[in-house]
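Q: I would like to learn how to read a model like this one. Please show the general idea and then the case at hand.

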Amino acid sequence: PHQDRNIVRGVIHLSGVFDLLPILSTSVNFPLKMTRLDAEMFSPLQQGNLDRLVTAKHLQHWVVVGENDSPAFKEQAEKYVGELEGRGCQVAFTVQPSEDHFSLVERLMEDQYSLTLQVLAFINTGSVSW
């Protein structure tokens, strides 16, 4: 129901893959058996998925990539941030120093890791404020 939408105040995107279409022709897709339709349906960068975000402008999006992520990860994240901003969504973008998409997630279990502390603050406040 519409009144329940404000329960979720924010979304943290950690080194996300925002366009799944390039994966279709790679070995990553062999076990997934993802079709073009699947990739379009589940890709955040697809027009229909982006358009639906306009109804949830109360959400704070926080997109995080690792400094050592591949250019493809960084490019997709930057494009997603641009698309969100272009639709008037609240968005913050962070490049986590000295990390890649594996290490930044693995280190979240460390109590004093800067990203862990920032994630906890985001959860508690619903906004990126550093």
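Q: In which sense do strand 1 and strand 2 pair, and over how many bridges?

A: First the conventions: this is a predicted model, in which local features need pLDDT of at least 70 and side-chain atom pairs count only at pLDDT 80 or more, while totals for chains, interfaces and linings use all residues. Residues are numbered from 1 along each chain as its sequence is written, and side-chain values use heavy atoms, with hydrogens and water left out. In general, strands of a sheet pair through backbone hydrogen bonds, either parallel or antiparallel. Helices (H or I, at least four residues) and strands (E, at least two) are DSSP runs numbered from the N terminus, and two strands pair if DSSP finds at least two bridges between them. Here strand 1 (residues 10-14) pairs with strand 2 in the parallel sense, over five bridges. Within this pairing Gly-10 stands opposite Gln-60, and His-13 is opposite Val-63.

Q: What is the strand order of the sheet?

A: The open sheet has three strands in the order 1-2-3, with parallel pairing. Strand 1 and strand 3 are the edge strands, each pairing on one side only. The twist averages 15 degrees from one strand to the next; for such angles, axes are lines fitted to C-alpha atoms, for helices over the stretch in contact, and the angles run from 0 to 180 degrees between N-to-C directions. Strand 2 and strand 3 are joined by seven bridges, again in the parallel sense, with Val-64 opposite Thr-94.

Q: How many residues of strand 2 are buried?

A: Buried means under 20% relative accessible area, exposed over 50%, and partly exposed in between (1.4 Å probe, protein chains only). In strand 2 (residues 60-66), seven of the seven residues are buried. Gln-60, Trp-62, Val-64 and Gly-66 point one way, and His-61, Val-63 and Val-65 the other.

Q: Which strands does helix 4 lie across?

A: Helix 4 lies across strand 1, strand 2 and strand 3, at about 165 degrees to strand 2. Helix 6 also packs on the sheet and touches strand 1, strand 2 and strand 3, its direction making about 170 degrees with that of strand 2. Contact means heavy atoms within 4.5 Å.

Q: How many aromatic pairs are there?

A: A pair of aromatic rings is described by the distance of the centres and the angle of the planes. Rings of Phe, Tyr and Trp (its six-membered ring) pair if their centres lie within 6.5 Å; planes under 30 degrees apart count as stacked, over 60 as edge-to-face and the rest as tilted. The count is two aromatic pairs. Phe-18 and Tyr-80 have ring centres 4.3 Å apart and planes at 15 degrees, so this pair is stacked. Phe-18 is in the loop between strand 1 and helix 1 (29-32) and Tyr-80 is in helix 4, 62 residues apart. Trp-62 and Phe-122 form a tilted pair, 5.6 Å centre to centre with 45 degrees between the planes. Because Trp-62 lies in strand 2 and Phe-122 in helix 6 (residues 114-125), the pair ties together parts 60 residues apart in sequence.

Q: Where is Asp-100 placed?

A: Asp-100 is in the loop between strand 3 (90-96) and helix 5 (103-106). Asp-100 is partly exposed, with a relative accessible area of 26%. Not counting residues up to four places away in sequence, Asp-100 touches Gly-66, Asn-68 and Asp-69.
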